[in-house]
2 protein chains.
Amino acid sequence: MSTLTSRQVQLKSRPQGMPAEENFELVEVAVSAPGDGEVLVRNHYMTVDPYMRGRMYDRKSYVPPFQIGEALQGGAVGEVIESNDANFPVGSFVQSNNGWREAFVSSGEQLGAIDPSLAPLSTYLGVMGMPGMTAYVGLFRAASLKDGETVFVSGAAGAVGSLVGQIAKVKGCRVIGSAGSEDKVAHLVNELGFDHAFNYKNGELLQQLREGAPDGLDVYFDNVGAEHLEAAIYHMRPFGRIALCGAIATYNDTEPRPGPVNMSMAIGLGLRMQGFIVSHYNDSREAFVRDVSGWIKDGSVKYDETIHEGIEHAVDAFQGLFTGGNTGKMLVKLI
Amino acid sequence: MSTLTSRQVQLKSRPQGMPAEENFELVEVAVSAPGDGEVLVRNHYMTVDPYMRGRMYDRKSYVPPFQIGEALQGGAVGEVIESNDANFPVGSFVQSNNGWREAFVSSGEQLGAIDPSLAPLSTYLGVMGMPGMTAYVGLFRAASLKDGETVFVSGAAGAVGSLVGQIAKVKGCRVIGSAGSEDKVAHLVNELGFDHAFNYKNGELLQQLREGAPDGLDVYFDNVGAEHLEAAIYHMRPFGRIALCGAIATYNDTEPRPGPVNMSMAIGLGLRMQGFIVSHYNDSREAFVRDVSGWIKDGSVKYDETIHEGIEHAVDAFQGLFTGGNTGKMLVKLI
């Protein structure tokens, strides 16, 4: 039975605005041997996600805040290297919420078995995991997507957005996406089959939407909030639906940012805005796994990963989410 | 066959901000005899409604703008005094969109027969008419009201709001309302059976909501927009629904007003915001007439009217909508 050390990223102080290196600390801890019913897991990949910024505030939310002096949390996939739980034998692979660390001991109840023969290990943090299911339920449940509609997704090159666009294409929709660089825009159109994509940093949002969707939008999948939401409302067709999934433009604001000036347009147009997080629609999990694994296999869904190597670069990866540093899922490889 | 004169209110210039007397003109016109298939109607009541302010702007909307130099339009009820349409004999009563005038000639297709023995004539402009159906479909369709929930309605003493609260009470809900004077607040609690009402001009909105609904809101019926909407979002319970019906606080704004700063709270809470106008749910008309006429008869729904006398006071009545001049439906009696 080995005694292992694990490096972990702890919250040192609460960020003001954009998270800085000094808000975090990389600490080495000893990992004790697993007790009865416990397993020792060595993480292979961890994820960084925009929602984690919210947990760095000390406030009531749908997930409790991270605590100063403790390791951060988040999705991870790893291999069981010692086991006292027959459900998770040595050599099996698991997903957990024990990211931001290289290894950990856990009871089996906190783990989910995953099958790397079905899809690559890392995809369980992306297209086959939480971001993938967010795209899926956001389109079909929150936005009630119908075949052949016109869909706009912001943050379209991100882990959620890139799947939103591809699923909508599978459903015969016209798909418009916004992203923050020319490279990403080219990628969306040339690799992922978007009908139109634009760089929101170049030119006026509403004008871009009019070019990409001259007849207006049926569905807007909002990952960004703020100006993107306002522009989309101006361009919605009657009875359009907006899935409110994220507001990354505002997560580092230190002052409240005013909302759309055109909310009252929703009245005459009969617009629906539906906020959601993935866990609201857990009853769609089976359909999600079946559909998305099928679409990956038949080539209609592709996925991208931006991978940083080593836990010492986890904070860089996290910061990169807010500066446009990723195409597709942002991950950290730990082994 | 008579030749009749009719006074009518015309738009003289487009209001900037609050509509002023000088934006309107009272004009006397001759009404010719009805032709084939036409009838001559003398109006008994006309309605003034907040949505009419929107039609005074020269802009694209769900109803076309009023034209300068022409009579305004809006709901009216009247009596057929000459008829060349067997469906509408002399002495029958009709509703039309030909308000803001004392008499008019129309083809029968533009008219709806009404039965003043079922409910008083004036109620077809209020609780049995468009405002009543707005309350009904807003609660049951846009907000998916369930029995026993906690409901907040703004503009609660108005034509729509006062019915919203009473319908919710019929359904066993806890009902909180806001209004703009102490008299109205007393009326809501003492006459209409609201559980809690407050004067939004006295004290902080969110604090008032916390007092009236300590456990939060399941449904917010928004007639007001702006600060009311923001405060309600702060106080919504998970999976709450907001019916976006009106934004009277903003209708006279000359500059766009920022929206709620807390839109992103909708994500974690899974809130739904549904904009609507009454015509989106025309398929609920039968259920509305049946339910509301029944509730009036059994005394569970009461209604108020604020009645101005004479078309020369129609503009006063309209202005009064924006200064809190009405309890219940604001009407003008024309005969």
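This is a predicted model: local features need pLDDT of at least 70, side-chain atom pairs count only at pLDDT 80 or more; totals for chains, interfaces and linings use all residues.
## Domains of chain A

Chain A has two domains: domain 1 covers 4-126 + 303-333, and domain 2 covers 130-281 + 290-295. Over C-alpha atoms, the centres of domain 1 and domain 2 of chain A are 28 Å apart.

Contact between the two involves 18 residues of domain 1 of chain A and 18 residues of domain 2 of chain A. On the domain 1 side, these are six nonpolar, nine polar and three charged residues.

## The sheet

An open sheet of 12 strands with mixed pairing runs in the order β10(A)-β9(A)-β8(A)-β11(A)-β12(A)-β13(A)-β13(B)-β12(B)-β11(B)-β8(B)-β9(B)-β10(B). Its edges are β10 (196-199) of chain A and β10 (196-199) of chain B, each of which pairs on one side only. On average, and ignoring direction, neighbouring strands are turned by 15° against each other.

In chain B, strand β9 (residues 174-179) pairs with β10(B) in the parallel sense over four bridges. Opposite B:A179 stands B:N199 in β10(B).

## Helices on the sheet

Helix α6 (residues 226-235) of chain A packs on the sheet and touches β8, β9, β11 and β12 of chain A, its direction making about 170° with that of β11(A). In chain B, α5(B) lies across β8, β9 and β10, at about 165° to β10(B).

## Two helices of chain B

Helix α5 (residues 205-212) and helix α6 (residues 226-234) of chain B have axes that come within 9 Å and cross at roughly 45°. Because of this angle, α5(B) is oblique to α6(B). The crossing is right-handed.

From α5(B), B:L205, B:L206 and B:L209 meet B:E227, B:H228, B:A231 and B:Y234 of α6(B). Five of these contact residues are nonpolar, one is polar and one is charged.

How values were computed:
Residues are numbered from 1 along each chain as its sequence is written. Chains are lettered from A and ligands numbered from 1 in the order in which they are written. Domain bounds come from an automatic or database domain assignment. Two residues are in contact if their C-beta atoms, placed from the backbone, lie within 7 Å. Ala, Val, Leu, Ile, Met, Phe, Trp, Tyr, Cys and Pro count as nonpolar, Asp, Glu, Lys and Arg as charged, and the others, Gly among them, as polar. Axes are lines fitted to C-alpha atoms, for helices over the stretch in contact, and angles run from 0 to 180 degrees between N-to-C directions. Angles under 35 degrees count as roughly parallel, over 145 as roughly antiparallel, 65 to 115 as roughly perpendicular and the rest as oblique. A crossing is left-handed if the near helix is turned anticlockwise from the far one by less than a right angle, and right-handed if clockwise. Two strands pair if DSSP finds at least two bridges between them.
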